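Subject: The model, and what turned up in it

Hi,

Here is the structure for you to open alongside this note. Below it I go through what was found, one region at a time.

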Amino acid sequence: MQKALILAPIGLLALISAGAMVVVVGAVIFASSMMGINKPEETTDLTGTGAGVASYNVNVSKLGQNEIPQEYVQYYKNAGEKFGVPWTLIAAVHRVETNFGSDLNTSSTGAVGHTQFQKSTWLGWSYPGRTRLGDLNVSDDILMNLGMIKKYNGFGQDCDGDLKANPFSVADATCATAHYLAENGGKKGDWKGALYAYNHAGWYVTRVFKYYNSYTSNVKTVSVGTSSAVVSGSSSSIDKAIAIGEQLVGKSPYNFGGGRTQRDIDRRSFDCSSFVRWAFSEAGVNLGKVDTTTTDTLVVLGKPVQPSEMKRGDLIFFDTYKKMGILA
């Protein structure tokens, strides 16, 4: 059985079985979604309840079906529909923050609830008396008061209908998370920026994306064909690209925007599209200039093919923050 080299969502390279269909002589198949966020296909909202809010047709992976607690799925979906956020992204945040609510201890900085909100973010940062990190010494009556949250422009939500915004309610917490992500870049499709605003740490964004990608299944394929900008590769050059790529398995951390300078290349520090360009270049196949090759340039080099027609050497593009994208 043939193997296909892919760029894994967690930012490392991995070998996976490509099945019997990957037997045609050609190039290595690269699944170029390394740390990419699989943005499901947008659908039109016809309900009248979410005017101006994007809705998403999320395709859940087998892992998502098995790992996401079924009792929480409807809460994620309700929150996602209300604020235009893919519900599997909300599930990924819940997973990273409290392991689906199994650890509801207050964090070292004072974050509370199912999706770990700072009290100032929940109630509103203009509320007096907060610490630099956003902790507040307030009673639950104030923290969960809808009138106070409205007055101080907080993100707390009442989505279970009990007239309180309770961060320890799954319904309220997931709605608040969706609201926050939407207002901090999600409305523009900048899920990476939204998650970074949620927790200012690159490792956090990477980890949430890892779970989001593993919970969400939405793949399109594009075959790299011959054009004036591309030098077609032979079987030997493809074998070389595979061998070169395999050398970085487990050794090349994801670097958003990386791989476009000689310093990054020397350090083997790539993002998805720069890795693809570099691997093919090392094998003698030109996919574009080192400093300008991106997802947008790669996707126009070929023609769409059906999954049943995939060959070794085809590029697999995921829907990430945009159609046919691999970077987030």
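First, a word on terms: helices (H or I, at least four residues) and strands (E, at least two) are DSSP runs, numbered from the N terminus. By that count the chain has 13 helices and eight strands.

Please keep in mind that this is a predicted model, where local features need pLDDT of at least 70 and side-chain atom pairs count only at pLDDT 80 or more, while totals for chains, interfaces and linings use all residues. Residues are numbered from 1 along each chain as its sequence is written, and side-chain values use heavy atoms, with hydrogens and water left out.

The chain as a whole

Of the 328 residues, 52% count as buried, where buried means under 20% relative accessible area, exposed over 50% and partly exposed in between (1.4 Å probe, protein chains only). Taking contacts (heavy atoms within 4.5 Å) between residues at least 6 apart in sequence, 61% join residues at least 24 apart.

Helix H3

Do have a look at H3, residues 87-98. Its 12 residues reach 17 Å from the first C-alpha to the last, close to the expected 16 Å (the expected span is 1.5 Å times one less than the number of residues). How many residues of H3 are buried? The count is 12 of the 12, so H3 is largely enclosed by the rest of the structure. After H3 comes Asn 99, with a positive phi near 50°.

The cores

A nonpolar core here is a set of buried Ala, Val, Leu, Ile, Met, Phe, Trp, Tyr and Cys residues joined through side-chain atoms within 4.5 Å. The largest one has 47 residues, and Val 85, Leu 181 and Leu 195 have the most contacts inside it. At least two residues of this core come from each of H2, H3, H4 (119-123), H7, H8 and H9. A second, separate core of 10 residues includes Ile 238, Phe 280, Leu 298 and Leu 301.

Which residues does Leu 195 touch, not counting those up to four places away in sequence? They are Leu 89, Val 93, Leu 181, Tyr 204, Val 205, Val 208 and Phe 209.

Helix H12

In H12 (residues 272-282), nine of the 11 residues are buried, so this helix too is largely enclosed by the rest of the structure. Gly 284, which follows H12, has a positive phi near 90°.

Gly 154

Gly 154 is in the loop between H6 (146-151) and H7. Its relative accessibility is 12%, so Gly 154 counts as buried. The C-alpha atoms of Gly 154 and Gly 124 are separated by 3.7 Å, although these residues are 30 apart along the chain. Leaving out residues up to four places away in sequence, Gly 154 touches Thr 121, Trp 122, Leu 123, Gly 124 and Ile 149.

Happy to talk any of this through.

Best wishes
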